[in-house]
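Let's take a friendly walk through this chain, with a look at how its charged side chains pair up. Have the sequence and the 3D view open side by side as you read.

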Amino acid sequence: MKWQGGRKGGNIEDRRGMSGGKKLALGGVGGVIVLLISLFMGGDPGQLLEQMQGGALTTEQGEYQSTPEEDRLMEFSEIVLTSTDEVWTHVFKQGGQQYKKPTLAVYSQATETGGCGVGQSSFGPFYCPGDNTVYLDLSFNRELSSKFGAKGEFALAYVIAHEVGHHIQNLTGVLSQTNAMRAKMSEREYNKISVMTELQADFYAGVWAHYVNKLTSIEITYDDILDGMRAAAAVGDDHIQEQTYGHSNPESFTHGTSEQRMYWFKKGYETGDINAGNTFNDPSLR
């Protein structure tokens, strides 16, 4: 993946110094246990954040010290974000619409969000529709490799593109529709809607990859696409649950299996057609 010297100009906020030394209070040990169990079972960080609006940040004194590797990842993230802006501006223009660019907030440990409570690095990357912002702690890049086995720079690019995919869903009204369904369905029923939502975000990440070489300053190869597919597989519900518990529970899946995540990412990459990603009409996901 060639990205050094690529175009910058995305809406990026460096909150690492602002959030350094902060801790998250989740209403006692019980709240923390519920959070951890939900995450291990494939829970959606965005939903968990909304449920924990009462959480608060407590500030400790201390100065954040960046590293050369983090600074490199910061530059990488901005260039990738800029490339998603370029791709989706083009795609929306083709459909006669104007694209509203999201913000990428890079933080450490914990940070306030605009409508999704308090974000914490243990949630992993997430998108908050309340402020049109993707939240990312750069330490997640190490987890991609060490915990999930997703290696290669494109793995992080896929993650950013996936979260931007949720921004696309916010702009098109999908997120508001699916959130409205939550109160009307059982947890088991809504989990299926959650899977469809996440797989569509994977599809949109693939659409971004389809246009990268044509519209942006980044250059990728098919090996990079394979890295993206491996990253998608690594964060499949079945893979994570089997790795954590030794078995998986399909009824609790909220993001899709490894096979499904690879399939929809690849479909987006091969078609480049935003209209081909209606996961909600796929009978195999019902």
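The terms are set by relative accessible area, with buried meaning under 20%, exposed over 50% and partly exposed in between (1.4 Å probe, protein chains only).

A word on the model before going further. It is predicted, so local features need pLDDT of at least 70 and side-chain atom pairs count only at pLDDT 80 or more, while totals for chains, interfaces and linings use all residues. Residues are numbered from 1 along each chain as its sequence is written, and side-chain values use heavy atoms, leaving out hydrogens and water.

**Salt bridges**

Side chains of opposite charge can pair when their charged atoms come close. Here a salt bridge is a side-chain nitrogen of Lys or Arg within 4 Å of a carboxyl oxygen of Asp or Glu. A search of the whole structure turns up 12 of them.

| Pair | N to O distance |
|---|---|
| Glu70 and Arg16 | 3.5 Å |
| Asp71 and Arg16 | 3.5 Å |
| Arg230 and Asp227 | 2.8 Å |

Asp71 pairs with Arg16 through a salt bridge. This pair links distant parts of the chain, with Asp71 in helix α4 and Arg16 in helix α1, 55 residues apart. Helices (H or I, at least four residues) and strands (E, at least two) are DSSP runs, numbered from the N terminus.

Glu70 also forms a salt bridge with Arg16. Since Glu70 lies in helix α4 and Arg16 in helix α1 (residues 16-19), that pair ties together parts 54 residues apart in sequence. Glu70 is buried, because its relative accessibility is 13%. Arg16 counts as buried too, with a relative accessible area of 6%. A network of salt bridges links Asp14, Arg16, Glu70 and Asp71.

Where do Arg230 and Asp227 lie? Both are in helix α9 (residues 222-234), three residues apart, or about one turn of the helix. Arg230 is partly exposed, at a relative accessible area of 48%, whereas Asp227 is buried, at 18%.

Asp85, found in helix α4, is buried yet has no salt bridge. The nearest side chain of opposite charge is Lys101, 4.7 Å away; Lys and Arg count as positive and Asp and Glu as negative, while His and the chain ends are not counted. Leaving aside residues up to four places away in sequence, Asp85 touches Gly10, Asn11, Tyr99, Lys101 and Pro102, where contact means heavy atoms within 4.5 Å.

**The sheet and the helices on it**

Two strands pair if DSSP finds at least two bridges between them.

Tyr107 has Asp137 in β8 as its bridge partner.

Helix α6 has 20 residues and reaches 29 Å from its first C-alpha to its last, close to the expected 28 Å. The expected span is 1.5 Å times one less than the number of residues. Of the 20 residues of α6, 16 are buried. Gly173 follows α6 and has a positive phi, near 90°.

The 29 residues of helix α8 (residues 187-215) should span 42 Å, which agrees with the 41 Å between its end C-alpha atoms. This helix is mostly covered, with 22 of its 29 residues buried.

**The whole chain**

Altogether, the chain has 11 helices and eight strands. Of its 286 residues, 53% count as buried. Among contacts with a separation of 6 or more, 76% are between residues 24 or more positions apart.
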